[in-house]
Amino acid sequence: MKKSIFDTKQQQQDVSSKIVAGLERISQAFKVLLWEKAKSLGLSPIQIQILIFVAYHKTGYNNVSFLAKEFNVTKPTISDAIKVLERKGLITKDHSSEDSRSYSIFLSDKGKQMVAQTEDFANPLASQLESVSNGEKETLFKTLGNLIYQLNQQGILTVQRTCFACKFYTKDGTGHYCRLLERKLRHSDIRLDCDEFQEKA
Ligand code: SF4
């Protein structure tokens with residue numbers, strides 16, 4: 001029987017198991033930082049995530065269905081979070097789309113101020129990378145990018161706007177090329193969340 005990656009004896013013999021255990025720790029750190037920020041501002045973690053997402057993504061993404069997929073939660077969870085954000089005056093809704101049941105959300109001025117107060121929650125993670133060399137960061141990013149793409153292909157991560165899944169991406173010898181930007185991409189240029197992304201057929 002295959003040994004569990006959570007078995008500490010297994011971890012000691014297998015670097016892959018240690019990497020998975022390490023990724024779990026990092027995801028815990030992300031959750032803890034988000035919870036601390038949420039508590040200090042009287043919001044829930046998903047409410048903060050929605051506000052920050054809306055601040056940096058195009059209108060077409062800022063609706064209940066898309067946000068539910070983006071954050072891997074149910075539509076009622078997103079609807080409830082949006083209701084609270086609206087009640088607090090942090091967002092407004094636009095019902096002008098053809099489908100009368102759907103709406104897009106926008107940040108109010110108060111919402112933009114809240115984003116400015118919340119979006120630094122992951123800085124303690126980012127600051128840990130400052131002492132890592134560029135070469136090591138590029139290697140880490142390459143591995144993470146490939147891992148994310150593979151998890152997306154397996155249906156585990158639902159929404160990805162990465163070059164590898166984009167219709168404009170093509171291989172260029174051993175490198176990468178974007179047909180939309182009409183330029184070669186170094187590995188560090190590969191995007192994980194691209195505004196121009198269009199899913200390949
Ligand atoms: S459009 Fe964006 S996601 Fe698509 S290949 Fe170009 S840079 Fe990558």
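User: Which residues of H3 and H5 meet?

Analyst: This is a predicted model, in which local features need pLDDT of at least 70 and side-chain atom pairs count only at pLDDT 80 or more, while totals for chains, interfaces and linings use all residues. Residues are numbered from 1 along each chain as its sequence is written, and side-chain values use heavy atoms, with hydrogens and water left out. With contact taken as heavy atoms within 4.5 Å, Ile46, Gln47, Ile50 and Leu51 in H3 meet Ile78, Ala81, Val84 and Leu85 in H5.

User: By class, how many residues in the contact of H3 with H5 are nonpolar, polar and charged?

Analyst: Ala, Val, Leu, Ile, Met, Phe, Trp, Tyr, Cys and Pro count as nonpolar, Asp, Glu, Lys and Arg as charged, and the others, Gly among them, as polar. By class, the contact of H3 with H5 has seven nonpolar, one polar and no charged residues.

User: Are H3 and H5 roughly parallel or roughly perpendicular to each other?

Analyst: The axes of H3 (residues 45–56) and H5 (residues 75–87) come within 10 Å and cross at roughly 80 degrees. Angles of 65 to 115 degrees count as roughly perpendicular, and H3 and H5 are therefore roughly perpendicular.

User: Is Ser108 buried or exposed?

Analyst: Ser108 sits in the loop between strand S2 (104–107) and helix H6 (109–118), and, leaving aside residues up to four places away in sequence, touches Gly89, Leu90 and Ile91. Buried means under 20% relative accessible area, and exposed over 50%, with a 1.4 Å probe and protein chains only. At a relative accessible area of 14%, Ser108 is buried.

Methods:
Helix = DSSP H or I, 4+ residues; strand = E, 2+ residues; numbered from the N terminus. Axes fitted to C-alpha atoms, helices over the stretch in contact; angles between N-to-C directions. Parallel < 35°, antiparallel > 145°, perpendicular 65-115°, else oblique.
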